[in-house]
Amino acid sequence: MKQLFLGLTVEPLLNAYPQIAQWVDQIQELAPEIFQSRKKLLVDNPVIVPLAINDDKHFIQILTNIAFKQGIPRLYEWAIRHPYLSWQDRVKLWTTARQYSVTPNQIQLVILALHPVKPAQRLNVRWNKKEQMQTEKWLIKLLTQSPDNKSQSNIVIPELSSMVNLEAIPEVKI
């Protein structure tokens with residue numbers, strides 16, 4: 001999608017991978033407005049906002065696909081996923097509302113949920129002030145948790161990490 005919006009050649013890729021070509025066609029059918037030349041879509045646009053908690057300043061950064069309609073941001077997310085609002089989507093909406101100083105009910109997220117065999121689905125999500133506040137409270141709680149309560153995925157298990165010898169992995173030339 002990024003290559004397509006940059007105007008780069010995508011035909012060889014789409015010819016080699018028909019499944020990707022099908023997904024691009026589905027996105028074009030579900031969200032034709034993003035392919036109109038007068039609408040500028042920023043793909044993988046970084047958005048960073050500060051979040052002050054007591055005397056500590058944290059920064060929340062997301063990457064999102066964003067278009068503006070009369071100065072109001074509209075987010076587009078396409079992926080192989082289920083067509084419902086995830087916590088990542090909530091953080092993207094929260095961050096975007098803060099960055100562009102718009103009221104939450106002005107923002108919309110368009111989810112283009114793709115699937116290898118099922119038809120693609122479009123879900124238009126309207127954001128609101130209540131969800132904005134809930135997401136902020138969740139972020140604050142997450143950032144202020146004691147290290148003992150952090151997610152198990154952040155714990156390094158020495159027995160497992162010592163099994164991988166990083167020096168033995170050959171460097172890949174770019």
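The questions and answers below go through the sheet, the helices and the aromatic pairs of this predicted model.

Local features need pLDDT of at least 70 and side-chain atom pairs count only at pLDDT 80 or more, whereas totals for chains, interfaces and linings use all residues. Residues are numbered from 1 along each chain as its sequence is written, and side-chain values use heavy atoms, with hydrogens and water left out.

User: Which strands stand at the edges of the open sheet, each with a single partner strand?
Analyst: The open sheet has five strands in the order S1-S2-S3-S4-S5, with mixed pairing, where strands are DSSP runs (E, at least two residues; helices are H or I, at least four) numbered from the N terminus and two strands pair if DSSP finds at least two bridges between them. A strand with a single partner has one side left without a neighbour in the sheet, so the edges are S1 and S5 (121–126).

User: What is the bridge partner of Arg74 in S4?
Analyst: Strand S3 (residues 72–80) and S4 run parallel and are joined by seven bridges. For Arg74, the bridge partner in S4 is Gln108.

User: Is Glu33 buried or exposed?
Analyst: Glu33 is found in the loop between helix H3 (18–30) and strand S1 (41–53). Leaving aside residues up to four places away in sequence, Glu33 touches Lys39, Arg74, Tyr76 and Arg122, a contact being heavy atoms within 4.5 Å. Buried means under 20% relative accessible area, exposed over 50%, and partly exposed in between (1.4 Å probe, protein chains only). At 15% relative accessibility, Glu33 therefore counts as buried.

User: How are H4 and H5 oriented to each other?
Analyst: The helices H4 and H5 pack at an angle of about 105°, with their axes 10 Å apart; axes are lines fitted to C-alpha atoms, for helices over the stretch in contact, and angles run from 0 to 180 degrees between N-to-C directions. Angles under 35 degrees count as roughly parallel, over 145 as roughly antiparallel, 65 to 115 as roughly perpendicular and the rest as oblique. H4 and H5 are therefore roughly perpendicular.

User: Which strands of the sheet does H5 touch?
Analyst: H3 lies across S3, S4 and S5, running at about 145° to S4. H5 also packs on the sheet, its direction making about 65° with that of S1, and the strands it touches are S1, S2 and S5.

User: What kind of aromatic pair do Phe68 and Tyr100 form?
Analyst: Rings of Phe, Tyr and Trp (its six-membered ring) pair if their centres lie within 6.5 Å, with planes under 30 degrees apart counted as stacked, over 60 as edge-to-face and the rest as tilted. A search of the whole structure finds four aromatic pairs. For Phe68 and Tyr100 the ring centres are 5.2 Å apart and the planes are at 75°, so the pair is edge-to-face.

User: How many residues apart are Phe68 and Tyr100 in sequence?
Analyst: Phe68 lies in strand S2 (residues 56–69), whereas Tyr100 lies in the loop between helix H4 (87–99) and strand S4 (108–114). The pair therefore ties together parts whose separation in sequence is 32 residues.

User: Is Trp87 buried or exposed?
Analyst: Trp87 and Trp138 form a tilted aromatic pair, 5.8 Å centre to centre with 50° between the planes. This pair links helix H4, which holds Trp87, to helix H5 (residues 129–144), which holds Trp138. Trp138 counts as partly exposed at 37% relative accessibility, while Trp87, with a relative accessible area of 52%, is exposed.
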